[in-house]
Amino acid sequence: MIEINNLVKHYGDKKAVNGISFTVQDDEVLGFLGPNGAGKSTTMNIITGYLSSTSGTVKVNGHDILEEPELAKKDIGYLPELPPLYLDMTVLEYLNFICDLKQVKKSERKEQLAKIIAMVKIVDVADRLIGNLSKGYKQRVGIAQALVGNPSILILDEPTVGLDPNQIIEIRKLIRTLAKDHSVIISSHILSEIQAVCDRVVIINKGKVAAIDTITDLSKRLSGTSKLLLSFKGDAKACVNAVRAVPGVSDCKIRISDNDIHEAEVTVSGSSATDIRTSIFFTMSKNNWPIMEFRSLDPTLEEIFLSITGA
Amino acid sequence: MLAVFKREFLSYFRSPVGYVAIALFSFLSGYIFINNFTTGSVNIASEVISLRSFFVVIVPIITMGLFAEDKKRGTEILYYTTPIDLFAVVMGKFLAAFALYGIMFVNVFIHMIVTKACNGIVDIGAWGSVIVFFFLAALFISIGILASAITDSQIISAIFCFIMILVIQLLSTISSLIGSTIGAFLSVLGVKAETSNAVGEAIINGINWLDPFTKTADFRYGVFSVAPLIFCISFAIVFLFLTFRILEKKRWSNG
């Protein structure tokens with residue numbers, strides 16, 4: 001369990017983190033969401049003891065990170081934004097070095113490493129130099145590093161950044177497996193990523209907590225402004241008018257017109273209980289306007305902030 | 001501490017750094033030895049003393065990456081977020097560089113054996129120079145480590161270390177230059193000749209006091225004393241402690 005209380009961090013005049021408080025329960029996956037520069041990495045660096053806070057406290061399983069750093073750090077596995085890898089070592093040498101740093105007992109070491117290597121699927125590359133590995137493998141070695149020493153809490157800073165879609169899915173799967181017996185904090189600036197793995201989200205903006213919510217509650221709050229993307233062939237003006245006339249649609253406007261295919265953004269008013277897509281589809285088909293693409297638009301972070309802060 | 005020592009020491013041999021340093025030292029010591037050997041007058045003490053002038057090149061090579069590289073690659077975060085003590089990290093890296101120096105120095109021991117085998121003399125003065133060499137090495141490596149901790153650029157770290165060691169090696173020249181200049185300046189101002197000379201002398205002595213080379217000069221004649229060694233070790237500890245403070249301070253930095 002991590003208790004974060006009124007964390008403040010100044011960088012000169014700038015307040016990178018300005019009074020953040022939240023708690024992470026045991027075996028919970030907490031998403032840490034915010035735009036670039038919101039203070040995510042700074043907060044994580046403070047929780048792990050890499051930086052000190054200007055004021056405020058962090059307690060890891062009851063141990064203050066500044067007053068009892070050794071006890072607190074033992075319980076944390078950290079994967080920073082840039083995995084801290086020594087490129088001139090092989091994977092196995094590196095993980096053994098990490099065991100030394102985390103003071104893993106010699107007798108438990110072999111078994112623990114074998115388990116971790118199997119779990120993050122780096123068995124094939126265990127004897128290769130880290131510098132020669134692909135980015136996805138490097139990221140996995142980074143996660144393996146965090147798992148050494150059996151910490152009860154994992155802190156992962158943008159674990160899927162720069163990976164290809166297959167690797168992203170793999171890493172998410174891995175995180176879900178880990179979540180069974182670890183508390184996990186994951187930071188990201190991508191909403192769908194957080195939705196895929198987290199139970200609860202902390203959204204921060206400009207160094208402050210904008211919202212703390214469960215994923216389902218968050219979606220509910222966001223459903224008031226859901227948007228659809230509709231791309232079709234036919235008379236743009238007539239179509240827009242026809243869609244606007246569908247009950248439950250509050251607005252429809254053309255975003256892009258390319259040759260004879262138009263792309264429209266349909267804003268749905270939150271009150272309608274029925275799925276609006278059915279009626280839109282029949283309206284389109286009745287008029288012989290072929291639908292080329294039809295999907296819901298994920299709200300951008302900016303929209304989330306706007307809806308959450310009520311601005 | 002042992003973990004960091006092991007990693008850093010082995011990493012010297014995973015990159016060209018360790019080999020370059022050893023090759024350079026072997027070449028220089030071998031050159032000096034063969035030169036003396038062929039003229040028939042081997043003097044291990046003077047060989048070791050000549051080798052001291054290459055601290056200024058070799059120490060920056062082996063220390064420049066120790067912390068700078070960690071900062072650049074982001075691996076320093078490991079030392080802050082694991083239970084290991086930061087001072088143990090500093091000591092581990094220091095000992096790794098020191099051990100590399102020890103390996104380089106095997107050359108000189110071989111020269112000693114060859115000298116003995118050819119009925120030459122390895123006297124107490126030779127051993128005295130060897131002892132001084134290692135204490136000076138410890139002092140200069142600690143300076144190199146400090147230089148490495150203040151920047152994330154290996155080049156800047158190497159240049160800083162180079163200048164520091166160069167200044168220390170030229171300390172006796174610098175001191176008389178500064179002392180006599182100030183003395184002359186005072187006499188121009190109308191200060192009595194005795195006083196201005198005395199001030200100049202005091203400044204020279206003051207700066208010379210810092211010079212580890214003159215402090216340890218008697219060792220080559222077999223005259224050993226503890227004070228100069230304590231002097232070297234104290235300064236090494238001061239530099240290592242400063243390094244530790246710089247690393248520690250990073251955590252509290254607000255810029």
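## Chain B at a glance

Of the 255 residues of chain B, 40% count as buried. Buried means that 20 or more other C-beta atoms, placed from the backbone, lie within 10 Å of the residue's own; 12 or fewer is exposed, and anything in between is partly exposed. This is a predicted model: local features need pLDDT of at least 70, side-chain atom pairs count only at pLDDT 80 or more, and totals for chains, interfaces and linings use all residues. Residues are numbered from 1 along each chain as its sequence is written, while chains are lettered from A and ligands numbered from 1 in the order in which they are written.

Chain B has 13 helices and 0 strands. Helices (H or I, at least four residues) and strands (E, at least two) are DSSP runs, numbered from the N terminus. The C-alpha atoms of chain B fill a box of roughly 60 × 60 × 30 Å along the principal axes. Among contacts in chain B with a separation of 6 or more, 80% join residues 24 or more positions apart. A contact requires C-beta atoms, placed from the backbone, within 7 Å.

## Confidence

Chain B has a mean pLDDT of 92, with 99% of its residues at 70 or more. pLDDT is the predictor's confidence in each residue, from 0 to 100. The model scores ipTM 0.89 and pTM 0.85.

## Helices 3 and 7 of chain B

In chain B, the axes of helix 3 (residues 44-52) and helix 7 (residues 86-117) come within 11 Å and cross at roughly 160°. That makes helix 3 of chain B roughly antiparallel to helix 7 of chain B. Angles over 145 degrees count as roughly antiparallel, under 35 as roughly parallel, 65 to 115 as roughly perpendicular and the rest as oblique. Axes are lines fitted to C-alpha atoms, for helices over the stretch in contact, and angles run from 0 to 180 degrees between N-to-C directions.

Helix 3 of chain B contributes Ile44(B), Glu47(B) and Val48(B) to the contact. Helix 7 of chain B supplies Val108(B), His111(B), Met112(B) and Thr115(B).

## Helix 1 of chain B

Helix 1 (residues 2-12) of chain B has these buried residues: Ala3(B), Val4(B), Phe5(B), Arg7(B), Glu8(B) and Tyr12(B). Their cover includes helix 3 (91-101) of chain A. It also includes helix 2 (16-39), helix 5 (65-73) and helix 7 of chain B.

## Chain A

Chain A has 11 helices and 14 strands. Of its 311 residues, 38% count as buried. Its C-alpha atoms fill a box of roughly 75 × 45 × 35 Å, taken along the principal axes.

Methods. Two residues are in contact if their C-beta atoms, placed from the backbone, lie within 7 Å.
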